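Trainee: I am new to this structure. Please take me through its terms and the values behind them.

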Amino acid sequence: MSLLRKLPTKSLIPQSVLVTRSFTKSGAFPDEPTSAYYDDLVNAAGRERDLETVRYLLNKRARDCCFNTANTFNFITNTDNSLSVLNDLCRTLGRLDKGFPRKSAYDTLIARLCKLKKIDEALRVVDIMAEGGFGLSAITFHPILSVLTRGKRMEEAWGLMEVMTEIRVSPDLTAYNYLLTAYCFKGNLTATSGVLKKMEEEKLGADARTYDALVLGACRAGRVEEAFVLLRRMVDDGQSVLYSTYAHVMGALLRMGYYAQAVKFVMVCGGRDIKLDTELFGSLGSKLIGLERFNEANFILKEMNKRDLKMGFKLRDYYETNVNNAAREMELRGSHNVRGTHAATTGGGREDCWSEGATGTLIEAWGDRYVRLNRGHLRQKDWKEVAESVNSRENGVKPKKTDIQCKNRIDTLKKKYKIEKAKPPPSKWPFYYRLDSLIGNDAVSTKKPANITLRVKSKPRTSFVGRSVSTENDNLSSDGEADDDGDDDEIVVKKVHRMEDVDLSDGAACRELARAILKFGEIYERIESAKQKQMMELEKERLEFIKDVECERMNMFMGAQLEIQKSKRKQRPASSGKKSQS
């Protein structure tokens, strides 16, 4: 290359072309070169320390509209041997064509150094650009600010912003967005407010990244309502909502345990873009599975399949195993129940999956928890315990049952119970009477009054509302049980329940009392709210009446003033006529 530098200027380019031919198989540039093609040539020349060829290729790719990429300077690595060429490379870049080719090359080199976490070397390149007047701008500083803010080196980032101002490079909106995102990620709302004030002083607007950072800050601080407000304002301002913005809100809802709201949020935001829907639904489905929220996850995956959204390998495998196969199994069970009567002797369903003993164990395990929860829905934890009870019975169950299978089996048994109930009695189904005691009309609505025995001190009492109480002189024993000497009598409290049969033990009685107090508090609160609302309406009407009276009085006063002025004007011409005659 030393000989090449001694040649005249006219023969320099042809010789460089000859050098670059060694990087191609055909020996010449293709008719339509690409940026990746030029990246390969530049990196090959850079590894050979052929900087003159690097200069020629950078100039030519700019003329061919093949712009620099993040891979242009990949020959610079994080080693001392590779970084030793940096000074010579900067001088070579200084001899590129003026304007875009030279500035773009310097900016790309700074981005490469920042990717290697070489901030000092990147700042040295910035000094060279400032001294040579090579088109230094705010874009040049973006990679450096990105590394500093990601590394939580906020003081250095603010110092760099001051340096930009000193060398007359005004920080742009993107530069402030890096600072804003860093503070919002940490949840530092005070510092975030300071950055926003600074942006307002500089009269900078807000773009999608600005809103994205603010939504991130609100979500990290646990203020999901404010995040929704920002999201709505972002849409009203005509900004395109980024996927990361949706992800921030979705992640905050999941962290706070609002799983149903997260599903509803994704459903509302969906239907606008296929790629966005694929990312949102897929991400939410994966997170719900990780959180063991299988019902919500199954719903999301069904929606993905209905909308023809692409699933990842793991999601597709989960869908086929837990959602699609379960739906097919339910269809087979339903058709089997309708076609034959053989299922009536085995508890309904497929005999090879559920035996009569396993079904009986399932009903007992589920029924105990169903009654304990006041005939409410079982949680995921309860269903897992039911599955463990079924799997741990004396003869064992093969294969092992999952919580989802147990839940589906109970649903099937409930449907079978309704069919048997519609038939004329007596039923030959062995599980009919057990299910009738759990979910039948007699078990739900027609309950016998529950009797509880309480011990109270000798004191006459009056009857409570909704209860029949008979009292005599009783004493409260120390252990809460009936004394043997017969000095104490029993107080029988009868309560007719509306919907459910509750075992009024000591704890249950306290819960009933707490419910009554809460109900009374709610009623009192509604009454007070109605009173306040009525008072506000009366006060509003009174103010409106006073306002109308004042307006009427002012109108009368102004009308009187106008009449007085008119009468004065009529008197003035008459008096002036008399004076002229005299």
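Mentor: Start with contacts, meaning heavy atoms within 4.5 Å: of those in the chain with a separation of 6 or more, 56% are between residues 24 or more positions apart. The model is predicted, so local features need pLDDT of at least 70, side-chain atom pairs count only at pLDDT 80 or more, and totals for chains, interfaces and linings use all residues. Residues are numbered from 1 along each chain as its sequence is written, and side-chain values use heavy atoms, with hydrogens and water left out.

Trainee: Why is Arg220 called partly exposed?

Mentor: Buried means under 20% relative accessible area, exposed over 50%, and partly exposed in between (1.4 Å probe, protein chains only). Arg220 has 44% relative accessibility, so Arg220 counts as partly exposed.

Trainee: What makes Arg63 exposed?

Mentor: Its relative accessibility is 52%, so Arg63 counts as exposed.

Trainee: Why do Asp97 and Arg63 count as a salt bridge?

Mentor: A salt bridge is a side-chain nitrogen of Lys or Arg within 4 Å of a carboxyl oxygen of Asp or Glu. The closest N and O atoms of Asp97 and Arg63 are 3.5 Å apart, so the pair forms a salt bridge. Asp97 lies in the loop between helix H6 (86-93) and helix H7 (100-115) and Arg63 in helix H4, so the pair ties together parts 34 residues apart in sequence. Helices are DSSP runs of H or I with at least four residues, numbered from the N terminus.

Trainee: What makes Asp237 and Arg233 a salt bridge?

Mentor: Their side chains meet at 3.9 Å, N to O. By this rule the count comes to 23 salt bridges.

Terms used. Helices (H or I, at least four residues) and strands (E, at least two) are DSSP runs, numbered from the N terminus.
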